Amino acid sequence: MTSPEDEVGNLVAQLGHRDAPLRAEAAIRLSFLRDLAVKGVPSLARSLSDIHPHVRMAAATALAEIGPASREAVPALSRALSDPEDGVRRRAALALGEIG
C-alpha cells in the first residue's frame, strides 16, 4: 500500500510526463487528495502554463480543491485569468475564490 506522501510524490512526477492526458489525470488525482496534496502546489502552479488547455484546467481545478493551502499559487492563478481558454479562466477564478 502506498502512503499518501508517496502518492503525492508519484503524481507530482507525472505532472512532468510528456503525455498530456497523463499530466491532466495526475492533476485531477491530486485534487482528490486536497490538503494532502500541498506538496504538489508548486508543480500544479507550473502546470497552469502547460501547452495543453485540459492540463491547465485540471491544474486550476486541483488548486481550487486544495483551497487556502494553495496560496503560493496565487500569482500563477492570477496570470491564468488571462488564459486564451475560457475554461481555464473560469477555473482559475474559482481557485482564487477558494483560496480566499
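This is a predicted model: local features need pLDDT of at least 70, side-chain atom pairs count only at pLDDT 80 or more; totals for chains, interfaces and linings use all residues.

Modeller: Let's start with Leu 44: leaving out residues up to four places away in sequence, Leu 44 touches Leu 15, Ala 27, Leu 30, Ala 59, Ala 62, Leu 63 and Ile 66.

Biologist: Where does Leu 44 sit, and what makes you call Leu 44 buried or exposed?

Modeller: Leu 44 belongs to helix H3. Its relative accessible area is 0%, and buried means under 20%, so Leu 44 is buried. Along the chain, Leu 44 and Pro 4 are 40 residues apart, with 17 Å between their C-alpha atoms.

Biologist: Which residues have the most contacts inside the largest nonpolar core?

Modeller: Leu 15, Leu 30, Leu 44, Leu 48, Leu 63, Ala 73 and Leu 77, in a core of 29 residues. Helices H1 (4-14), H2 (20-33), H3 (41-47), H4 (53-66), H5 (74-80) and H6 (86-99) each supply at least two residues of that core. H4 gives the most, with eight residues.

Biologist: And what does Leu 77 touch?

Modeller: Setting aside residues up to four places away in sequence, Leu 77 touches Leu 48, Ala 60, Leu 63, Ala 92, Ala 95, Leu 96 and Ile 99.

Biologist: Why are H4 and H6 called roughly parallel?

Modeller: Their axes cross at roughly 15 degrees and come within 8 Å. Angles under 35 degrees count as roughly parallel, so H4 and H6 get that label. Their crossing is left-handed.

Biologist: Which residues in H4 and H6 meet?

Modeller: From H4 there are Pro 53, Arg 56, Met 57, Ala 60, Thr 61, Leu 63 and Ala 64, and from H6 there are Gly 87, Val 88, Arg 91, Ala 92, Leu 94, Ala 95 and Glu 98. By class, that contact has nine nonpolar, two polar and three charged residues.

Biologist: How do you know whether Ser 31 is buried or exposed?

Modeller: Ser 31, in helix H2, has a relative accessible area of 7%. The limit for buried is under 20%, so Ser 31 counts as buried. Apart from neighbours within four places in sequence, Ser 31 is in contact with Thr 61, Ala 62 and Glu 65.

Biologist: And Ser 70, buried or exposed, and on what grounds?

Modeller: Ser 70 is in the loop between H4 and H5. Its relative accessible area is 0%, which is under 20%, so Ser 70 is buried. With neighbours within four places in sequence left aside, Ser 70 is in contact with Val 41, Leu 63 and Ile 99.

Biologist: Why is Arg 34 called partly exposed?

Modeller: Arg 34 has a relative accessible area of 46%. Buried is under 20% and exposed is over 50%, so Arg 34 lands in between. Arg 34 lies in the loop between H2 and H3, and its phi is near 45 degrees, a positive value in a residue other than glycine.

Conventions:
Residues are numbered from 1 along each chain as its sequence is written. Side-chain values use heavy atoms; hydrogens and water are left out. A nonpolar core is a set of buried Ala, Val, Leu, Ile, Met, Phe, Trp, Tyr and Cys residues joined through side-chain atoms within 4.5 Å. Buried means under 20% relative accessible area, exposed over 50%, partly exposed in between (1.4 Å probe, protein chains only). Helices (H or I, at least four residues) and strands (E, at least two) are DSSP runs, numbered from the N terminus. Contact means heavy atoms within 4.5 Å. Axes are lines fitted to C-alpha atoms, for helices over the stretch in contact, and angles run from 0 to 180 degrees between N-to-C directions. Angles under 35 degrees count as roughly parallel, over 145 as roughly antiparallel, 65 to 115 as roughly perpendicular and the rest as oblique. A crossing is left-handed if the near helix is turned anticlockwise from the far one by less than a right angle, and right-handed if clockwise. Ala, Val, Leu, Ile, Met, Phe, Trp, Tyr, Cys and Pro count as nonpolar, Asp, Glu, Lys and Arg as charged, and the others, Gly among them, as polar.
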